[in-house]
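Hi,

Here's the structure I promised to pass along.

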Amino acid sequence: MHALVRGRISVNPRGFGFLNIEASPEKGGAPGRPPLVPATAFITPPDLNPFLDGDVVDAVVVEAEPGRYSASQLALVHRERAELFGTVVSHAKRPHLRVDRLVSNTDWPFKPGAADDLAEGTAVVAVIEGAAVVPARVVAPGADLGIERCLARNGVRAVFPGEVVEASRAAAAAVSIERELARGRRDLRELTTVTIDAPVTTDIDDALAVLPAGPDGALRVFVSIADVDAFVQEGSPLDLEARARGTSVYLAGRVIPMLPESISSEAASLLPGVDRLAITAELRVDPEGGVTAVDLHESVIRSHARLSYDAVEEFLTTGRSAGIPEAAWPVVRWLRTAAARLSTVRAARGGVELDRDEAYVTLDAETREPTGVSPRSDTGAHRLVERLMVAANEAVASWLVARGLPCVFRVHDEPTEERVRALERFAHNFGVEAGFGPRLSPLGLAAFEAQYRGSELAPAIRTVLGKALGPARYTAAGGLHFGLGAPLYLHFTSPIRRYADLAVHRVIKGYLQGRRDQRVDAEALASLAHHLNARARSAGKAETERHRMLVARLFASRIGEEIEGNIVSIKPFGLVVQMVESGATGTIALEALPEGPYRIDAAAQALVGASRRYGVGEPIRAAIASTNEELGRVDLVPAGARGAA
């Protein structure tokens, strides 16, 4: 086989790489792998040298030997990465940047004279200029290099330009509550309103209130969202910076906000006891859980209590909590009623809840060192808030479509038949029988989830299920959100931390202020959606990598310990295993597997050898062999193998 392909480079820290094949250049780079072309191809170190992880390249793929493919003649098409993190080293008396080995397999030279004053070993964030780099920022001594590496690795902008910081302070000072009320905002300050968040949250962008059921049994639920647009003028330097970032990034131990703290944690944040500008979605929820009406208002609210998830969970399960003032008790009770009604409708239409994080790492409050890791599980308090936020997002999407307004929507495609069949195979390997039939529906998905909900295998099955279903994405055209079973969906409830929500707010406010014929360049809206998808992917990767770095640090003291796990992914380098007890993942290299060699069966998502097979979902017992915090890796070997102890 000999094919010209287009794909994205993945760098392995051992010095070689893989090309993840996405398209055919002959078709103008249109998505979709050409027929008979493999999903991945090996790249040798010499061919990889000029390139970086994530680069899009054209290449020639050949079958080097049966079942094994290699890529060569690589030509750069697009590079999103602009910065590199590394340390200063010297080669032939010239300073180079020893680049993060998950990004580049070689050291990059500094431009002549650009780093002559930097001592060897200095940690630096550098800007790429052609085939060389220029220092952009020297990392302060004592800084957490893991976080710095993670941010640069994923293109996350860690520092706001000075002019953006000043602009945010000026914007915060310029907003007047009295002027906004005089302009006609709805005054909801007397309505008992609460926020429910983690105690460490500073960027509080949603608040809840509810009026008790009337004679017809209907509730009026008020979902009030911070009016970030009041502070961030569209097209301003502050707005352009927020758009470039796309989203806040939540790393264990540090938050990289989309907006400077003077807005994200202060002026826009719905802090208790202070007046705040908001966009309020008023939902009428009938006794059967139907949202029969939605009204949107520019409003002024005042949070009467800041509640934590733990306090609300205690109240929901025991009827009391010292963390909830008595004046807020009726609000929490009626919010529970509303969430329960909405849950009934959700259950009737199907869908599934997928946890983004594989496990939760606890940190010491003072040292910020990891102290434990466990499978993540949301509480009733989390589900209460999630039900109300999802209902608001759905209602706003329908409100906009009914008025013919342009918007950035959130869609999740129905899985293809190929994905459905793969999911059935994975489920069988877990010991769960799916039997989806010719097509998977949201209700069928919910019935499948009911089989494993609450079991110790649930975290691993959710991990595999999330990969099989694929990610949701932003798009300029509304459509089905399969995972939620929602015919229309968008993001409205978190404009402090997501630019997509801010874009939705601007359309709503334009309509409420009389601009009924809003039009937008379809190509520009599609471009925004594409950009936000890319930024969301980068943020998710950064958050996952930071999580895995901490797991590796924690497991460094557990070398030789045996674990029970399940295979959740097949990679060119071997197996990814999710551990049952902790929910964390580790990897088993191909060469560590007995009875090899093995080839990848992409259709079955399995490694196949002459006498043995490893498939996604199968249980496996392994031992922790080593850890690498810089790479965020926990290396495993099959239990009983040499090097397991």
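Trp399 and Tyr511 are both buried. Bear in mind that this is a predicted model. The two rings have their centres 5.2 Å apart and their planes at 80°; planes over 60 degrees apart count as edge-to-face, so that's what this pair is. Trp399 sits in helix α9 (residues 380–402) and Tyr511 in helix α13 (residues 499–512), so the contact ties together parts that are 112 residues apart in sequence.

A second pair worth a look is Phe436 with Phe448. Their planes are at 75° and their centres 5.4 Å apart, so this one is edge-to-face too. Phe436 is in the loop between α10 (417–430) and α11 (442–452), while Phe448 is in helix α11 itself, and the pair links distant parts of the chain, 12 residues apart. Since buried means under 20% relative accessible area, Phe436 counts as buried at 13%. Phe448 is buried as well, with a relative accessible area of 3%.

How many aromatic pairs are there by this rule? The count comes to 8. Ring pairs also join Phe16, Phe18 and Phe42 into a cluster.

Then there are the charges over rings. Arg245 has its charged end over the ring of Phe160, 3.6 Å from the ring centre. The charged end of Arg410 is placed over the ring of Tyr474, at 4.4 Å from its centre.

Cheers

Definitions and conventions. Residues numbered from 1 in each chain as written. Predicted model: local features only at pLDDT ≥ 70, side-chain atom pairs only at ≥ 80, totals over all residues. Heavy atoms only, no water. Phe/Tyr/Trp six-rings, centres within 6.5 Å; stacked < 30°, edge-to-face > 60°. Helix = DSSP H or I, 4+ residues; strand = E, 2+ residues; numbered from the N terminus. Buried < 20%, exposed > 50% of the residue type's maximum accessible area, 1.4 Å probe, protein only. Lys NZ or Arg CZ within 6 Å of the ring centre and 35° of its normal.
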